[in-house]
Amino acid sequence: MDDNINVNRNHAMQIFSGIIERGLDIQISLSSGIHLASTDEDLIRLMGDAGLAMIKLPIEHGNDYFATKLLVKN
């Protein structure tokens, strides 16, 4: 259980790479969400390859696009 799995992106990459290298057949659930500022397409792909089954996106920590375009209803 790690509620800050990718605050340090390199650490997260090592964890998910290690899961893949060891051939672990697991499902990963990130129910506490992820740190959006440390997330990119490469990390998301690696998470999926490692067994990511569920993730919560804390969009309140996102950028202005999230706040102005996705969350505001006219």
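Student: How much space lies in the largest pocket?
Tutor: About 160 Å³, as the space filled by probe spheres set on points joined across faces, edges and corners. A pocket is an open set of points on a 1 Å grid over the protein atoms alone, where a 1.4 Å probe fits, with protein on both sides within 12 Å along at least five of seven lines. The model is predicted, so local features need pLDDT of at least 70 and side-chain atom pairs 80 or more, while totals for chains, interfaces and linings use all residues. Side-chain values use heavy atoms without hydrogens or water, and numbering starts from 1 along each chain.

Student: Which residues line the largest pocket?
Tutor: Met-1, Asp-2, Ile-5, Ile-15, Ser-29, Leu-30, Ser-31, Ser-32 and Gly-33, each with an atom within 4 Å of a point.

Student: Now the helices. Which residues of H1 meet H2?
Tutor: Arg-9, Ala-12, Met-13, Phe-16, Ser-17, Ile-19 and Ile-20, with contact meaning heavy atoms within 4.5 Å. Their partners in H2 are Asp-42, Leu-43, Leu-46, Met-47, Asp-49 and Ala-50.

Student: And what classes are in that contact of H1 with H2?
Tutor: Nine nonpolar, one polar and three charged residues. Ala, Val, Leu, Ile, Met, Phe, Trp, Tyr, Cys and Pro count as nonpolar, Asp, Glu, Lys and Arg as charged, and the others as polar.

Notes:
Helix = DSSP H or I, 4+ residues; strand = E, 2+ residues; numbered from the N terminus.
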